[in-house]
Amino acid sequence: MNLAINGGKPITTKIINYGYQSLDESDKQAVMEVLNENKYLTTGPKVLEFENKIKEYCNVKYALAVNSGTAALHLAVYALDLKETDEIIVTCVSFVASSNAILYCNVKPVFCDIDEETMNIDPDKIEKLITKNTKAIIAVDFAGQPCEYHKIIKICKKYNLFLIEDAAHSLGCKINSCPSKPVVGSFADITTFSFHPVKNITTCEGGMTVTNNEKFFNRMKSFRTHGISKDYKERENTVSHHYEMIDLGYNYRIPDILCALGINQMKKLDKFIKKRQEIAKTYDQAFLKLDKYIKPLKQKCESAYHIYIIKLNLENLDCDRDLIFKSLKAEGIGVNVHYMPIHLHPYYKKKINTYHGMMPIAEKVYKQIITLPLYPLLKDSDINDVINAVYKVINYYKK
């Protein structure tokens with residue numbers, strides 16, 4: 001069968017996106033109710049209500065909604081109150097925000113290589129990176145699968161380190177390896193979430209930090225609003241106009257209308273995760289016959305399946321990853337790649353060039369990975385088109 005990239009007929013003439021928001025009429029209604037009330041467009045009661053929903057879901061004491069997942073990470077690192085000589089160990093495979101947040105606070109990121117099968121940070125490689133300046137670990141739940149926290153928490157306790165869980169991909173997931181703390185967000189010193197449209201729920205743009213530490217919460221709360229000591233609600237409930245800027249903060253607030261959307265999305269989170277898991281299982285079963293050429297990531301515990309990644313066995317294919325990528329695109333499959341290792345980005349190569357070549361697993365896996373479409377509104381016909389396109393392309397290039 002001739003590939004579309006070579007002039008053949010594509011599997012589908014439309015583009016099946018790798019990710020897409022899941023909205024319905026109830027979401028639109030939730031936003032319109034806030035607009036029709038015409039009282040709060042910026043920070044208002046829906047922000048607090050959304051925070052309470054996430055707080056209750058994650059079984060934590062404190063939650064702060066912000067305008068992006070990146071802002072949430074910035075707040076989390078800032079909360080630790082670190083010095084310029086301090087270091088934070090972070091996975092080298094993530095969206096750049098996981099590391100950028102460290103630099104925003106003038107702290108040094110120390111990159112750790114990944115587990116080849118899960119693409120999560122490799123706990124067995126963390127300890128050799130710890131120095132007297134190490135103060136924290138940022139673990140990213142890659143593709144929706146939580147890291148091996150039973151190992152990482154032991155390391156944090158042994159060396160008195162803070163743990164930040166970047167759970168941008170894993171909201172709604174349970175932690176098999178932490179039976180006493182089963183929900184993502186309930187056990188790290190600080191956990192961050194993202195509500196970008198392709199995430200597990202969306203507020204258009206938005207993020208959240210959760211913690212059980214009151215000191216961290218208070219630092220983040222002030223930092224979210226220019227470093228000012230009182231938020232809108234505290235000023236509303238007092239006769240005094242007085243407030244003070246106590247630190248150099250940012251405007252990381254999120255509007256009420258976006259939180260109204262988030263509140264409604266939370267009602268459907270568990271259903272969304274179940275659907276993602278069902279689609280992933282369909283892919284897993286469908287690709288068993290291509291086991292010699294492609295493999296999905298290994299699941300060591302439950303995954304929220306924010307994205308679905310296959311790894312190519314290039315030894316058995318007569319091409320590289322980029323040609324497979326372009327061929328699938330030509331067939332109408334909106335594939336993506338998650339992610340270029342952070343230390344390979346031009347900015348990081350220039351700023352921290354000593355890290356190049358020190359993460360061999362990440363650099364190897366990066367050349368093998370492709371992200372396939374996966375989101376709750378994906379139709380059965382779209383799923384079949386993705387599967388058929390993968391078979392068509394792999395069978396063409398196999399040795």
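1. A word on terms to begin: axes are lines fitted to C-alpha atoms, for helices over the stretch in contact, and angles run from 0 to 180 degrees between N-to-C directions. Helices (H or I, at least four residues) and strands (E, at least two) are DSSP runs, numbered from the N terminus.

2. Please keep in mind that this is a predicted model, where local features need pLDDT of at least 70, side-chain atom pairs count only at pLDDT 80 or more, and totals for chains, interfaces and linings use all residues. Residues are numbered from 1 along each chain as its sequence is written, and side-chain values use heavy atoms, with hydrogens and water left out.

3. Now to the helix pair. Helix α9 (residues 269–286) packs against helix α13 (residues 380–397) at about 30°, and their axes are 11 Å apart. That makes the two roughly parallel, a label for angles under 35 degrees. On the α9 side, Ile279, Thr282, Tyr283 and Ala286 make the contact (heavy atoms within 4.5 Å). From α13 come Ile383, Val386, Ile387 and Tyr391.

4. Next, have a look at the open sheet, whose 3 strands follow the order β9-β10-β12 with antiparallel pairing (strands pair if DSSP finds at least two bridges between them). β9 (294–296) and β12 (369–372) each have a single partner strand, so one side of each lacks a neighbour in the sheet. Between β10 (residues 308–312) and β12 there are 4 bridges.

5. Lastly, where does methionine 119 lie? Its place is the loop between β4 (108–112) and β5 (134–140). Methionine 119 is buried, at 1% relative accessible area (buried means under 20%, with a 1.4 Å probe and protein chains only).

Conventions. Buried < 20%, exposed > 50% of the residue type's maximum accessible area, 1.4 Å probe, protein only. Parallel < 35°, antiparallel > 145°, perpendicular 65-115°, else oblique.
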